[in-house]
Amino acid sequence: MEFLKILPLRGPNIWTYRPVLEVWLDIGALEDSPSNTLPGFYERLTAWLPTLAEHRCGIGERGGFLLRLREGTWPGHILEHITIELQNLAGMQSGFGKTRSTSVRGVYKVVVRSRNETVTRAALQEARELMLAAMQDRPFEVAAAVARLHEMVDSLCLGPSTACIVDAATGRGIPSIRLSEGNLVQLGYGARQHRIWTAETDQTSAIAEGISRDKDLSKTLLQACGVPVPEGRIVDSAADAWEAAEDIGLPVVVKPSDGNHGRGVSTELMTRAEVEAAYKLADEEGSEVIVERFVRGDEHRLLVIGGRLAAAARGESVSLVADGCSSVSKLVEEQINIDPRRGYGEGYPLSLVELDEDAAAQFELGRQGYTADSIPAVGVSVLIQRTGNVAFDVTERVHPEVAATVELAARIVGLDIAGVDLVAEDISRPLGEQGGAIVEINAGPGLLMHLKPASGNAQPVGDAIVASLFAETDSGRIPVIGIAGTHGKTPLAHLLAALLKLAGKYVGLACSDGLYFAGRQADKRDSANWVAAQKVLMNRSVEAAVIENSVATILSEGLGYDRCQVGIVTNIEPPQHFGAYYIETAEQVCNVLRTQIDVVLADGVAVLNACDPLVAGLAGYCDGEVIFFSVDGTLPTAHQAKRAVLLRDGGIVLRQDEQETLLFGRVACQSWQPETVLAAVAAAWALGVSPALIKAGLAAY
Amino acid sequence: MEVSRLRALRGPNLWSQHTAIEAIVSCSAAEQDIAKISGFEARLRARFPAMGLLQPPGYASAVSMAHTLGVAALGLQAQADCPVTFNRTTATSESGVYQVVIEYSEEAVGRLAFKLARALCVAAVEDTAFDVADALAQLRELDEEVRLGPSTGAIVQAAVQRGIPYCRLTTGSLVQFGWGSRQRRIQAAETDRSSAIGEAIAQDKELTKRLLEAAGVSVPVGRPVADVADAWAAMCEIAAAVVVKPLDGNQGKGVTVNVVTREHLEIAYAAAIEFGSQVLVERFMPGSDFRMLVVGDKLVAAARREPPQVIGDGVRSVRELVEQVNADPRRGDGHATSLTRMRLDSIALARLQAQGYTADSIPVKGCHVVLRNNANLSTGGTATDVTDDVHPDLAASAVAAAQMVGLDVCGVDVVCDTVLLPLAEQGGGVVEVNAAPGLRMHLQPSYGKGREVGEAIVSMMFAGKDDGRIPLVAVAGTNGKTTTVRLIAHLLGCRGLHVGMTNSDGVYIQGKRIDSGDCSGPKSARNVLLHPDVDAAVFETARGGVLREGLAFDRCNVAVVTNLGRGDHLGLNYISTVEDLSVVKRVVVQNVRPDGVAVLNAADPMSAAMADACPGSVTFFAQDRHHPVLAAHCAQGRRAVYVEDGHIVASKKKIVQRIPLSQIPLTRNGTIGFQIENAMAAIAAAWALKVDWKTLRGGLASFVNDAETAPGRFNFFDYRGAAVIADYGHNPDAMLALIPAIESIPAHKRLVVISGAGDRRDEDIRQQTEMLGEVFDEVILYQDQCQRGRQDGEVLALLRQGLAKAGRANKIDEITGEFLAIDTALSRLQAGDLCLILIDQVDEALAHIAQRLTEANDTRATP
């Protein structure tokens, strides 16, 4: 069983709208061994991957795939399902898969949804090994394979905060492009784009971020504007720390000035010894050390997005009750870590308590006179973490005055998205009356605690971030014009780009004779491909994109955009063959070109050649309007009432609601292929370029 | 010579608009005329030859040591290149005591200069040594350390030119421009709109390159490498000379260019990995290094940068050649000069070795010997301005690069042969983009024209004539400030502005108190100007803050001086007459914008006299429309506010508006004279700020003045049918204003409860009871909680003295404790009586009165 070729289809393709991996699989002799003929195969496979039972396949209900397995199916199809299942088990959601035979016996095209090319490639390899092991009755470590993939998913896929924003954007029809292997993502296209990087946006000010990192400065600014903060100061020695503590009044908090995640922070210190020990702990973090008033209450995280409070979470202290015979570390396992919400990694709202690695917990134990090995007397309550994970949703409870205060705090620092850490006994009461205070403002706050709270409702923070970047009706899209067909695409692309430029747009053009920005050639190489299309859409100046796609591009890479405003198919004749892709007939070519029409937006337009019956037949696949163009002046009868561009007596006629307007007389069009001009006129008309401007543009071109 | 007090005046002040050190210096008899100290001036000048003249030629009056100190402190700063010119020494009312005022551009430098000047004077008196070179070096070093760096400094300077106010938020380069809701921030050459993501992208050279390539900007191909072997592989892929550099490095550290052999690659790799986690190998682009500065969507400056190098003469060694170059006076050690000295450090020696030299080699004549790879000014490189040569296509590439990365201020590093051609035509490319680029090479290039890049950044941040200011009203005067401030703030609030207000009760933002206590000083005002929500600011500007620190702002739109009367707090801080006081209160008027307005009380001679000091126009107010000052002003067709037929009238040439007093509840139907004056002042201020009259009338009608909103400002209560008025008045003018208001309220018996604030002059304390004794039947004197420096019973004695001549008062009691005094007064009241309580601890006393009122109402409710 051999992978002849793996094609990463990075955009909409002949199979689906989403990126997939297309594998050309040669199963060789196994063509004669469907699954029902392999003894023990079904049992081994279902034992290793019991969740395959969920795959609906074919009959459209649970167990569908298992039925096919029992009845007999071929390795390509099985490989598809195993790959999908491995991806799902590894935490990379994938539903779509398809397997088709080709004209060559034993050679299949297996297609699986791929959110990350590297992970899917690995999953395919693991799936192949797993399937062969099951066929040949060899052992296979499923858990280890899943773990390997899981690790890849964690390191290669978007982090949960970024993913939730991207998902929210997708939900609103806003396209996205990942710009780096990290979490830098572009939402929207061209000039309408915004960028995000975890929970930072391109509106996040670098200066504000710097201010938020300088706790002392943030506190000064907040205090000046009347926001309650714990008063305190920077100290330079243990002795100085104690002096500051006496000035401020006990109890105090000692912490590093630019630490994070609570490292080196000690709270409610009452004695000189405690303060001095805490100083050393904080000092080890490497930055300056701050001593400040201890604010009584729970730690809260309030998330401000675009000036508004979007979510709030509370931290709770973690303690246990001794039984008089177990050690503290044993009790931690029995009473705390046993909680099913606790675990490693981002899948769990609460993390495990690991005493030997948790300096703060050790410090807390020490204050109570214990170590991890102590056995406290029965019934004694032992505090383990003063503030455990801040993961209990309290969004609904926040007092409006508290919300106003944290919103002001974010404004003072200058952050569009801020995680405000606040200590208060009761978040449903104003801060003033309880001595609550804001202790820290964070740029790029984690969103996980609001997405997966340990209790309470998850908050739609991704939606809020997207809403702060894109107004309600803004999908972040620029007009994208996709051009497909067998010939005449490049001159059409140039002509259309020129018309759009005349309409005042900064045009990005990717076609087979190069990549152009505002008429300037940026690349001389063939740019009718996925990479060039992405470049156009990534360019922050581009206000309209004209993108040429060859049949080979659609087959080997997929389209460079998810949806388009205008999709043009020029023609299929004269026939071309793509035997290398097992595409041999005009109908098959048409099916490839259909991809271009499938992605036309609901408010978009397909521009189709009425004179090519196969092309004209694509009209039915378009979600939006169809404008036909016709060099012989005829239209499909069903289309009489709609828009069309016709060549009549050598002149160009715009037809709408059975009204015809002559745009251009015979003379001016002579030097052009009539199809090219008609298609360009139709597309420009579809984009709202006025007939007068189209006419002027054609004359000037 | 004794220095008893040193203050930093951080804003416009009594003396000038400059920031200055103010010292109180006492001189002995001898020191009051230095001519009497034999040889002193000669010794002084021997030690500090650049010392300025002590008095104009031809004058021979006595020059004091204090005066000498001032001239020396200014001279030292000036010699250390600080831009300062102002100093002034004046004798105080105390013999031998002087106020010495010396301008500074940096407070720390000013303080040090003062200290050094003192040491200089002492050395000249005692004929001991004084190392003036060392003193100047200390000042220069401190100045360079504390003042803004060249990039930030240039932007700030450009902002100042545009009239945009600024303040430093840290000792570093973080600066706020503008005020309140109009504020913007910069940090070095970075604005508050410089995106954190853009900055992060610029840090990641690989990502930057990918994005630039996508934008069609020419970049050197290449990739990050895993190790030396991979570096070699990458070099083979590129198949040309390469550059080896750290992936996330800066300032050109660890960069090796034009690497062509495997041996050189290995050395270069080792050098690069020291400064970054990963190493980048990319195609070496021959040509010169250029830095393009993009601001917004424009290229504003371009410079060719050359690494530090010497040219052989066939005679001298590299070391000698470097020394020769460094002898150029334009080369200094820091950022202050246009060039920095070259260093023959280990990096330079290594670079020499790579070229086959040591420091002692003698290069042949005409041979260029490069000392390091990067062209930074700070390591001895040079910059030549080429802004005017840049080809439009090349400029467009630089702008495209900046926009693709997403930086509003961006340094684009380009390597190409010439900027006269587009990049594509010469195989050049963008090698790096930098956030917060250094501006020095464009401001003060080593060769060629300096460019106004600070101005470009400021213009991007503040469009057109925007100066980042919000309307600012400063209110000074002896009495009525707080009510006037509150009313102006209320009127501006009615116009829909978010108003920040400071007064002696606290700091208020949109009516919400964010700080309490006496907040009429510059610190509170600065906090308001810092607040991101504030659209307009109204500041009570008390004398204390003006004396202590100067104003919190450079200029105001409106300055109001309610009145000076006979003054208050006289005798403190060398302010002993009301004329002295008027100089202090006048500071706000002197700092009105040229298009601003001073609102002055025509009926108060001191206030009226300030008109001449106002750079803007003047609106006079007075109840009497026939008051000569006001009448003359009206006759000239200028703005005036006065009372006529039960209306407040605003007039300019003809009557503009008439507002019935009956519709201004603050005036209690026109019965409280001082509130009419406060209302007039506020109307004039709102008029100056173009508040429309409809809003203004509505605001006057809706303004509430009770114990809740204006504690201690003529708070009126009904206690068992008797009128009780609580007020914080505590000076003769306050009494003068209160008495007619009280007299206008009919009553059987009149009581007053009063203490005296110990920090007033004896005569002022006496005067208060003198006046009250004429109109009240019973007086209850109580001893203040805080005696403010007085002996026990001293204030009471003074108050009693004032009552000695009283015509009306027939019953006088002395009580210890404010609450007891209040209770005593209340217990004596019958329906129809009137009681004025001059409260001291405002909040506590009002709470106490409120408590008694509740009790009274409760007993009434339960028969």
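B:Ala188 sits in a loop of chain B, between strand S7 (184-187) and helix H6 (196-203). Helices here are DSSP runs of H or I with at least four residues, strands are runs of E with at least two, and both are numbered from the N terminus. Phi of B:Ala188 is near 45°, a positive value in a residue other than glycine.

This is a predicted model: local features need pLDDT of at least 70, side-chain atom pairs count only at pLDDT 80 or more, and totals for chains, interfaces and linings use all residues. Residues are numbered from 1 along each chain as its sequence is written, chains are lettered from A and ligands numbered from 1 in the order in which they are written, and side-chain values use heavy atoms, with hydrogens and water left out.

Chain A has a backbone feature of its own. A:Leu250 and A:Pro251 are joined by a cis peptide bond, with omega about -5°. A:Pro251 lies in the loop between helix H9 (238-248) and strand S10 (252-256) of chain A.

Now the interface. 35 residues of chain A are in contact (heavy atoms within 4.5 Å) with 33 residues of chain B. The two chains bury about 2900 Å² between them, 61% of it on carbon and sulfur atoms. Buried area is the accessible area (1.4 Å probe) that two parts lose on being put together, summed over both.

The rule finds 3 salt bridges between chain A and chain B. A salt bridge is a side-chain nitrogen of Lys or Arg within 4 Å of a carboxyl oxygen of Asp or Glu. A:Lys535 forms one with B:Glu213, the closest N and O atoms being 3.9 Å apart. On the side of chain A that touches chain B, the elements giving two or more residues include helix H7 (206-213), helix H13 (400-413) and helix H17 (530-538) of chain A. That side divides into 17 nonpolar, 8 polar and 10 charged residues. Ala, Val, Leu, Ile, Met, Phe, Trp, Tyr, Cys and Pro count as nonpolar, Asp, Glu, Lys and Arg as charged, and the others, Gly among them, as polar.

Over all chains, the structure holds 83 salt bridges. In one of them, A:Arg121 meets A:Glu117 at 3.3 Å, N to O. Both residues lie in helix H4 (117-136) of chain A, 4 residues apart, about one turn of the helix.
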